[in-house]
Every structure is written in structure tokens, then in C-alpha cells.
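Hi everyone, thanks for making time.

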Amino acid sequence: SIINISQSHRQLTYKLITDSLQIQENEVEKWIIKAIQYNLISAKIDQHKSIVNILDVKRKVHQNQDWKNLTDNIATVRSVSYTHLTLPTIYSVQISVVAVSLKKK
């Protein structure tokens with residue numbers, strides 16, 4: 001899919017896209033424009049060089065690692081006893097868990 005090849009390459013040749021999606025070269029721009037319209041990717045098409053520069057990929061499907069990180073975060077938050085913590089401390093713990101999760105990536 002466009003998302004899969006965009007995640008592993010920041011610059012896609014028309015050839016790579018046609019081979020990956022099994023489409024004709026004259027269909028490449030149509031596919032990229034649709035992916036942009038559906039907010040799956042942000043990209044710039046360079047017709048002269050026959051390449052697509054991927055600026056951003058919006059993942060819609062969570063990978064196994066995403067679910068593991070979420071499970072780990074929930075387990076960490078659940079392991080804290082909230083009965084003797086003040087409200088600002090609880091928020092601090094939750095923010096710390098999110099920060100740790102972001103650092104793992």
C-alpha cells in the first residue's frame with residue numbers, strides 16, 4: 001500500500017510505486033493525490049523527476065508495538081496507588097508515563 005512504502009522510503013520513484021501497487025505509470029499521480037486527499041500522507045509530486053517526496057505518513061492502523069506500549073502504560077498507571085496521592089501528583093505520573101512511551105519510539 002502507499003502507506004507501507006511511504007513508511008520505509010521518504011522519496012518514492014514512480015517505478016517503485018508502480019511495482020509495489022501493480023499499477024501503470026500514468027496512474028501514479030492519481031493514487032498519490034487520492035492518498036493525500038484521504039489524509040493518509042503528505043507529499044509533493046515532482047513530475048519532472050518522476051518522484052514523490054513523502055513529507056508525513058498518517059498511520060491509521062496500530063502496529064503490535066503500539067498495542068504493547070499502550071498495555072505497558074496502562075499497567076504502569078494501574079500499579080500506582082492513587083489513594084495517598086494529590087491530584088497534581090496523579091497528573092504528573094500520567095504525563096511521565098506518556099513521556100516515557102514517546103522516548104521508546
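So, the chain has five helices and three strands. Going along the sequence, you'd read off α-β-α-α-β-β-α-α.

Before we go on, this is a predicted model, where local features need pLDDT of at least 70 and side-chain atom pairs count only at pLDDT 80 or more, while totals for chains, interfaces and linings use all residues. Residues are numbered from 1 along each chain as its sequence is written, and side-chain values use heavy atoms, with hydrogens and water left out.

How confident is the predictor, then? The score is pLDDT, the predictor's confidence in each residue, from 0 to 100. The chain averages 75, and 68% of the residues score at least 70. Helix α2 comes out highest, at 92, and helix α5, residues 87-104, comes out lowest, with a mean of 46. Over residues 86-105 the pLDDT is below 50, and beyond near neighbours in sequence that stretch has 14 contacts in the model. A contact, by the way, means heavy atoms within 4.5 Å.

Where else do we find a positive phi in a residue that is not a glycine? Gln-22 is one case, at about 55 degrees, and Asn-39 is another, at about 60 degrees. Gln-22 sits in the loop between α2 (14-21) and α3 (28-37). Asn-39 is in the loop that runs between α3 and β2 (41-46).

Are those two buried or exposed? Buried means under 20% relative accessible area, exposed means over 50%, and partly exposed is in between, using a 1.4 Å probe and protein chains only. Gln-22, at 73%, counts as exposed, while Asn-39, at 40%, is partly exposed. For the whole chain, buried residues make up 25% of the 105 residues.

Now the salt bridges. I'm counting a side-chain nitrogen of Lys or Arg within 4 Å of a carboxyl oxygen of Asp or Glu. Searching the whole structure turns up two. Asp-19 pairs with Lys-15, with the closest N and O atoms 3.0 Å apart. These two residues are four apart in helix α2, so about one helical turn separates them. Asp-19 is partly exposed at 45%, and Lys-15 is exposed at 54%. The other bridge joins Lys-58 and Asp-56, at 3.4 Å from N to O. Lys-58 is partly exposed at 23%, as is Asp-56 at 36%.

Next, helix α3, and Glu-29 in it. Which residues does Glu-29 touch, leaving aside neighbours within four places in sequence? The answer is Tyr-14, Ile-45 and Gln-47. Glu-29 is also twelve residues from Ile-17 in sequence, and their C-alpha atoms are 9.9 Å apart in space. Glu-29 itself is partly exposed, at 24%.

Last stop, the surface. The chain exposes about 7700 Å², with carbon and sulfur atoms supplying 55% of it. Those areas come from the Shrake-Rupley method with a 1.4 Å probe; for residues, only the protein chains shown count as cover. There's a nonpolar patch made of Trp-67, Leu-70 and Ile-74, with about 290 Å² of accessible area together. Patches take residues with over 30% relative accessible area and no salt bridge, joining like charges within 9 Å and nonpolar side chains (Val, Leu, Ile, Met, Phe, Trp, Tyr) within 5 Å. Trp-67 belongs to helix α4, residues 64-79, and is partly exposed at 47%.

That's my tour, so over to you.
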